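Please look over the sequence and the model first, then follow the sections below.

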Amino acid sequence: MPHSTAKPLGEFDFIRRYLAAEQPADPDLLLGIGDDAAIVRPRPGHDLCFSSDMLLAGRHFFPDVAPADLAHKILAVNISDMAAMGARPRWVMLSAALPELNPGWLEAFSGSLFDMLRRYGITLIGGDTTKGDLVFNVAITGELPAGLGLRRSGAQNGDDIWVSGQIGLAAAALHHIWQNIKLPENLFAECETARLRPTPRVPLGQALLPVATAAQDISDGLAQDLGHILRASNVGAELYADLVPTAPGLRQCLPGQTVYELTLTGGDDYELLFTAPPQARQAVLAAAESSRTPVTRIGCINDTGHLKLLRTNGSELHLSHLGFDHFG
C-alpha cells in the first residue's frame with residue numbers, strides 16, 4: 001500500500017469542513033459558529049422552548065448504522081420534541097464524541113445533517129466535539145407565539161385521544177433484527193425505514209396549537225407516554241388497542257398479542273399523541289388535512305386517574321410493561 005502523506009484530519013479541520021457549511025440567511029441569528037457562544041435575538045411576541053437529547057451507540061442506535069441515517073435520526077428525535085410543543089424549530093447545537101475522524105463517514109453524515117436542517121428551516125449554531133465512544137447530544141431551540149404551546153398538563157375529562165401516523169413499525173423492525181419475530185422482506189423494509197428515518201410532525205403540531213388540549217411525542221411507548229399526559233393532567237383514560245393505527249401487514253403476519261406489544265409499548269415512533277374535546281373533531285381533521293398528516297382517534301380521557309387498555313370486544317388488555325425505561 002502506498003504511503004500516504006495526507007495530513008490527518010484534526011478537530012478544527014472537522015468543524016470547518018463538515019459543520020461550518022453555508023446555511024440560509026437567518027435574520028434572528030446575530031452570531032453563529034466560530035465564537036465562544038452563539039447569539040440569537042427572539043422575535044417580539046414569541047416565546048422560546050428548549051429541549052435536548054443524548055444518543056449513545058449500542059443504546060439508541062447500532063454502532064454500524066449508516067452515517068446518513070444516523071444524522072437524520074439524531075435530528076428527527078429532537079425536532080419531534082418541538083413538534084409536540086407546537087413550536088417552529090429554529091436553532092440546534094450538536095455535540096459529538098467520535099472514535100475517529102473518517103472523511104468518508106463524515107461526508108455522508110454532514111450531508112444528511114444539513115439536508116435535514118434545510119428541510120425544517122433550522123440553523124446549526126454551535127456545539128462541541130471530542131474523541132471518545134460514539135455519542136451525540138443535540139440541543140434544540142424552538143419558537144412559539146407568546147403564551148401558547150402544547151403541554152402534557154391540559155387534558156380534560158371527556159377529551160378524545162388522537163395519534164398521528166402509524167405506530168409500532170420501528171419496534172417491529174428492531175424485533176425482527178433481534179430475531180424475536182419474522183417479517184416478510186417488503187414489510188421489514190417499510191418498518192426499517194420508519195425506525196431509521198422517522199418524520200417529525202412539525203406542521204401538525206403547529207396546526208394543533210388552537211385545537212389540542214395536551215400533547216407529546218411517542219418515544220418510549222404509546223401506553224407509557226400517554227401515562228405522562230394522564231399524570232400531568234391528573235386524569236385517566238380508556239385506550240382502544242385495536243384502533244391504534246399500524247402497518248396492515250403487521251396485523252396480517254403476527255399474533256394479536258405481539259401486535260399489541262409493538263403498538264402500545266414499542267416506542268421509537270416519534271408520532272404525536274394528543275387530546276382534544278369532542279366538539280373539536282372537525283378542527284382536528286382540518287389540522288390533519290392542512291398538514292398532510294393522518295390522525296386516528298384511539299380513546300377518551302376520563303376522571304378515573306388510571307389508564308385502561310381495552311380490546312374491541314370490551315375486554316381489558318394487560319401488558320407486562322408499558323414502555324422503555326433507560327434504567328429499567
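E3 and strand E6 (residues 135-145) run antiparallel to each other and are joined over 11 bridges; here strands (E, at least two residues) and helices (H or I, at least four residues) are DSSP runs, numbered from the N terminus, and two strands pair if DSSP finds at least two bridges between them. Within this pairing, Met54 has Asn137 of E6 as its bridge partner. The model is predicted, with local features needing pLDDT of at least 70 and side-chain atom pairs counting only at pLDDT 80 or more, while totals for chains, interfaces and linings use all residues. Residues are numbered from 1 along each chain as its sequence is written, and side-chain values use heavy atoms, with hydrogens and water left out.

The two strands belong to an open sheet of four strands, ordered E3-E6-E4-E5 with mixed pairing. Strand E3 (46-56) and strand E5 (123-131) stand at the edges with a single partner strand each, so one side of each has no neighbour in the sheet. On average, and with direction ignored, neighbouring strands of this sheet are turned by 15 degrees against each other. Helix H3 (residues 103-120) lies across strand E4 (88-98), E5 and E6, and runs at about 165 degrees to E4, where axes are lines fitted to C-alpha atoms, for helices over the stretch in contact, and angles run from 0 to 180 degrees between N-to-C directions.

The chain is divided into domain 1 (11-145) and domain 2 (159-310), with bounds that come from an automatic or database domain assignment. Taken over C-alpha atoms, the centres of domain 1 and domain 2 are separated by 26 Å. Their contact (heavy atoms within 4.5 Å) takes 23 residues from domain 1 and 20 residues from domain 2.

How much area is buried between domain 1 and domain 2? The value is about 1700 Å², of which carbon and sulfur atoms give 60%; buried area is the accessible area (1.4 Å probe) that two parts lose on being put together, summed over both. Two salt bridges are counted between domain 1 and domain 2, a salt bridge being a side-chain nitrogen of Lys or Arg within 4 Å of a carboxyl oxygen of Asp or Glu. Helix H2 (67-85), E4, H3 and E6 each supply at least two residues of the side of domain 1 that touches domain 2, and H2 gives the most to that side, with 12 residues.

## The six-stranded sheet

Another open sheet is formed by six strands in the order E8-E10-E7-E11-E9-E12, again with mixed pairing. Its edge strands are strand E8 (214-217) and strand E12 (307-310), each of which pairs on one side only. Strand E7 (residues 160-164) and strand E10 (residues 272-276) run antiparallel and are joined by four bridges, and Ile161 has Thr275 of E10 as its bridge partner. Helix H7 (residues 222-233) packs on the sheet, where H7 touches E7, E8, strand E9 (236-240), E10, strand E11 (295-302) and E12, and its direction makes about 145 degrees with that of E8.

## Salt bridges

The structure holds 11 salt bridges. One of them joins the side chains of Asp26 and Arg90 (3.1 Å, N to O). Asp26 lies in the loop between helix H1 (11-19) and strand E1 (29-31), whereas Arg90 lies in strand E4, so the pair ties together parts that are 64 residues apart in sequence.
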